[in-house]
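Keep the model open beside you as you read.

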Amino acid sequence: MKAKFIAPVASLIIGLAILVIALISLPTSTSGIFDESSPYFVKQVEQNHILLVEPNMTAFMSLKQPTPSTEVLYKALDEIKQKYAVDNTKLVRVEFKGVQVPKLYVYVHPTDKTQQARS
């Protein structure tokens with residue numbers, strides 16, 4: 001009788017512990033790169049090689065902005081240049097809910113300042 005009660009409770013506790021550990025180990029951004037009020041997001045695709053700049057779709061989804069603008073994405077380059085040396089950029093468009101949404105791939109390499117900060 002006790003085994004029927006203990007097994008589900010134990011598996012629930014183990015599952016919750018794994019969930020808590022996974023949530024704690026998620027990386028958090030301290031640089032403001034994922035600021036929800038920002039008109040764009042910068043995501044690291046490959047460490048120190050490619051960054052993906054996407055428009056913040058919050059305004060688009062709430063119909064405050066008709067179509068995300070490419071100008072907003074290029075403004076992110078100033079922030080990226082503070083940490084990386086930009087080698088190249090590539091603008092692509094993907095379809096999202098019937099609208100062409102721009103995304104900017106930024107090919108980068110770390111600057112000397114970035115490498116010294118990691119050391």
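In the helix α3, the buried residues are Val72, Leu73, Ala76, Leu77 and Ile80. Look at how they are spaced while you turn the helix in your viewer. An α-helix has 3.6 residues a turn, so residues three or four places apart point the same way. The helix α3 itself has 12 residues and spans 18 Å from its first C-alpha to its last, close to the 16 Å expected at 1.5 Å a residue. Please bear in mind that you are looking at a predicted model.

In soluble globular proteins, nonpolar side chains tend to be buried together. Here the largest nonpolar core has 13 residues, and those touching the most other members are Tyr40, Val42, Leu51, Val53, Ile80 and Val106. Two or more residues come from each of β1 (40-46), β2 (50-55), α3 (70-81) and β4 (99-110), with α3 giving the most, five residues.

Side chains of opposite charge can pair when their charged atoms come close. The structure holds one salt bridge, and it joins Glu54 to Lys103, with the closest N and O atoms 2.7 Å apart. This pair links distant parts of the chain, since Glu54 sits in strand β2 and Lys103 in strand β4, 49 residues apart. Is Glu54 buried or exposed? Glu54 counts as buried because its relative accessible area is 12%, under the 20% cut-off.

Ser69 and Lys103 are 34 residues apart along the chain, and their C-alpha atoms are separated by 9.7 Å.

Step back to see the whole protein. It has four helices and four strands, which run α-β-β-α-α-β-β-α from the N terminus on. Of its 119 residues, 26% count as buried.

Finally, a word on confidence. The mean pLDDT is 75, and 66% of the residues reach 70 or more. Where pLDDT is low, the predicted coordinates should not be read in detail.

Terms used: Residues are numbered from 1 along each chain as its sequence is written. This is a predicted model: local features need pLDDT of at least 70, side-chain atom pairs count only at pLDDT 80 or more; totals for chains, interfaces and linings use all residues. Side-chain values use heavy atoms; hydrogens and water are left out. A nonpolar core is a set of buried Ala, Val, Leu, Ile, Met, Phe, Trp, Tyr and Cys residues joined through side-chain atoms within 4.5 Å. Buried means under 20% relative accessible area, exposed over 50%, partly exposed in between (1.4 Å probe, protein chains only). The expected span of a helix is 1.5 Å times one less than its number of residues. A salt bridge is a side-chain nitrogen of Lys or Arg within 4 Å of a carboxyl oxygen of Asp or Glu. pLDDT is the predictor's confidence in each residue, from 0 to 100.
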